[in-house]
Amino acid sequence: MTATSKYTDQSAARRKLRREVPSAAAVLADEQDFRAMRRYRTFPFDDHRSYLQQMERLLRTLASQGVLTTISLFDPAAYEKYCADLALDPDRPDSRSRYTAEVARTGATLTYQGEPLSRLLPLLVEEAGRQATWDHASAVLARAGDCPECGEDLAHAAFARATQALQQLLETLGSGNHHLVCSVAAGDPSLLAVLHATAQEGARLQLAESDTLIFCMVLAAGFALRTPGGIVSRTTPGPADHDTTGDPAHDTVRGWSLRDSWPRALSAAEVFTAYCTDAETGEPIPPEHGVDYAPGLPLTPPPDPHQHG
């Protein structure tokens, strides 16, 4: 074997091996985070749009070589804390690389599959939001402790109760496309979970398992700590559904408040007030056209052995 052919074989072997070594990339998804990184002298970009274009080219090049790349979000504030905790200089490329590896291991991630970053980043932001909600709800539930009378883990009991509540709620809502939002006042920020469910006559209920778990976690946090919260549902009927006049049926909004570790139905007036009031300013919001504001449907609570006082 000649030296040239041996070198060629080694190069081919390295390329094949490269396909088996995964990569990780942490992306500055928004302009504000990008600006925060520009204070570092070694950060090589001065335009966010150009940065994203360069990142996308790199990801496509790696994908064309058969390299699997995990994408996460680069958080400048978390990066600064990470460097401070490990006594790293944040103005060094290797510090950014170490942080990228860390968030790929512990943070929210997606696998790059050749799609444009403009499509991938919103999904990644959603995934990061889900993980943050899960972590927050888990921490809240951890504070619940055990029942002083029977010793049962109150977090476990609350999660089982939340699962029962969600199952009963979806059964009661019936057919349609349901958009559910559960909010619980549990520190700053409040806990918020969103769940989409599609129910059709004679068909299996369709809903995402991860979103269902998070929804139940948030609801369980409200149950365990008996903190203020509520659930709002917005049901869009199927295309074949019509009202009594023969026109397409309207969306229907219903609501429940959390009281005594269970969703309690609100009146139509309470639903209207809650849905048509700005949560931050308290100012009224005009009602939507084609939306009916209906009372929450009553849900039957199971026995609560931990109801004291």
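Predicted model: local features only at pLDDT ≥ 70, side-chain atom pairs only at ≥ 80, totals over all residues.

Biologist: What is the secondary structure of the protein made of?

Modeller: There are 9 helices and 10 strands. Both are DSSP runs numbered from the N terminus: helices are H or I with at least four residues, strands are E with at least two.

Biologist: Why is Asp211 called buried?

Modeller: Buried means under 20% relative accessible area, exposed over 50%, and partly exposed in between (1.4 Å probe, protein chains only). Asp211 has 16% relative accessibility, so it counts as buried. Asp211 sits in helix H8, residues 209-225.

Biologist: And why does Gly107 count as partly exposed?

Modeller: Gly107 comes out at 26% relative accessibility, so it lands in the partly exposed class. You'll find Gly107 in the loop between helix H5 (93-106) and strand S3 (110-111).

Biologist: Which residues do those two touch, beyond four places in sequence?

Modeller: Contact means heavy atoms within 4.5 Å. With neighbours within four places set aside, Asp211 contacts Arg130, Val194 and Leu195; Gly107 touches Glu102 and Gln131.

Biologist: How do you know that the span of helix H7 is close to the expected one?

Modeller: The expected span is 1.5 Å times one less than the number of residues. H7 (residues 154-173) has 20 residues and reaches 28 Å from first C-alpha to last, close to the 28 Å expected. Gly174 follows H7, with a positive phi near 75 degrees.

Biologist: What makes a set of residues a nonpolar core?

Modeller: Its members are buried Ala, Val, Leu, Ile, Met, Phe, Trp, Tyr and Cys residues, joined through side-chain atoms within 4.5 Å. The largest such core has 37 residues, and those with the most contacts inside it include Leu180, Phe215 and Val218. H8 gives this core its largest share, 10 residues. A second, separate core has 25 residues, among them Val27, Leu52, Leu59 and Ile71.

Biologist: What does Val218 contact?

Modeller: Leaving out neighbours within four places in sequence, Val218 contacts Thr133, Ala137, Cys182, Val184, Leu191, Leu192 and Ala193.

How values were computed
Residues numbered from 1 in each chain as written. Heavy atoms only, no water.
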